[in-house]
Amino acid sequence: MQFGLFYEHQSPAPFTAEKDRVIFHNALDELELADRLGYDYAWLVEHHFLEEYSHSSAPEVFLGALSQRTKRMRLGHGICVMPPKINHPARVAERIATLDLLSNGRVEWGTGESGTAVELEGFGVHPDEKKGMWREATEQTANMLAMTPYPGFEGEHFSMPTRNIVPKPLQGPHPPLWVACSRRDTILHAARNGMGALVFGFAAPEQAGKWVQEYYDIIRSDECVPIGHAVNANFAIVTALSVNEDEQEAIARGTEGFKYFGYSLGFYAAFGKHVPGHSNVWEGFKKAEAGIEDNHGNGGIGTPEQVYEHCKAYADVGVDQIIFVQQTGPANHDHICESLQLFADKVMPRLKVDEDSRLAKKQTELAPYIDAALARKPRMAPIAQEDIEPVRSYGLRKKEAGTFENTRSDRGGGLAVVADDPLALVSGQAEKAAR
């Protein structure tokens, strides 16, 4: 089994720039420690305008910083929001490729649609259109990363002419593709598109096992038609983590934050009325806290042995990766680090036994099914060089129209801006000499 860590950058009110600075730097320290301890993945969400619940609005920036603080762990968008009104596909491709180069090929490209009124309406996205936007943008972003040049596209939700996206990612044809899943139907949707399933549904092992079976049945079937240029057959599930040698201490350290996580998620998704700039999520939570049910018996909360049994139950039903949530509410940085260390010392080694052979066996078994799936994929036709319309500079267009004014004449300073094409001058002189 593999292990990841999940960050929302929660910041209960009253939040300040200084408080958020501490939260961000604590997260970097925690993940640097996790990298040394052998955790496999860091997953950063992308949310917008969700005061107190998630201040992770630019995960690509945070992951860029993290790429320089870690050496081995995979760096995951969990997820990149794909509707073009929020993130233009070309900008997604550029950021994914740049991060892949900075991290020496450690990027995991998670995708999703976004789901709250605060976010979608903030960018003018109608909820009925977001699934179509996700599909169009995800497929075309993968094409941009894999094709040289990208032939251009006229779609329902965005259009662009032929352009070559630079840089290209180190991982070819593109980093592994995932999609956020919260229900059974989205998990099956992930399998049909040949994508890893990032399951944020907090399901118990028995339910997760049924989903894993259905997911891999589709991966092995004719239903799997990849949306990208590679198949990423992986199933990951999110759960809480608070581990301590004393069970009651583990519960005490985790209870408030995990309750707040569930409350604040529900506030923005299910029952809340949010006044931008005047959020009261934490205040409401504290009033309701005593009546919110905890979930100690079904999460990774307890002693090392209890957490081992919890994780092993997922491993036994075929879950590939457990992603732990720790940075919830006013979570204590030292407690998070202690929990990471104790899990790595007492639990992880027992669950990592024969992991390399498990992965090798899985890859060998799935290889023919993946090859067949990729053969079914409809592919965008490349564009021939002679069919590419050259992009004339604005200066050239003005010269042709007789309106050009040279406002970039040489002012010294060691750098001269070339206003006229030197190759055209050379070509003209050669032609004249030939006559």
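**Close-up 1. Helices α1 and α2 cross in a right-handed way.** This view comes from a predicted model. Two packed helices are described by the angle between their axes and the distance between the axes. Here, α1 spans residues 17-37 and α2 spans residues 59-67. Their axes sit 10 Å apart and meet at an angle of about 45°. That angle makes α1 oblique to α2.

**Close-up 2. Side by side, α1 and α2 touch through a set of named residues.** On the α1 side, look for F24, A27, L28 and L31. Their partners on the α2 side are F62, A65 and L66. Sorted by class, this contact has seven nonpolar residues, with no polar and no charged ones.

Close-up 3. Is C224 buried or exposed? C224 is buried, with a relative accessible area of 0%.

**Close-up 4. C311 is in no disulfide either.** For C311, the nearest cysteine sulfur is that of C337, and it lies 19 Å away. C311 is buried too, and its relative accessible area is 0%. How many disulfides does the structure hold? The count is zero.

Definitions and conventions
Residues numbered from 1 in each chain as written. Predicted model: local features only at pLDDT ≥ 70, side-chain atom pairs only at ≥ 80, totals over all residues. Heavy atoms only, no water. Disulfide = S-S within 2.5 Å. Buried < 20%, exposed > 50% of the residue type's maximum accessible area, 1.4 Å probe, protein only. Axes fitted to C-alpha atoms, helices over the stretch in contact; angles between N-to-C directions. Helix = DSSP H or I, 4+ residues; strand = E, 2+ residues; numbered from the N terminus. Parallel < 35°, antiparallel > 145°, perpendicular 65-115°, else oblique. Left-handed = near helix turned anticlockwise from the far one by under 90°. Contact = heavy atoms within 4.5 Å. Nonpolar A, V, L, I, M, F, W, Y, C, P; charged D, E, K, R; others polar.
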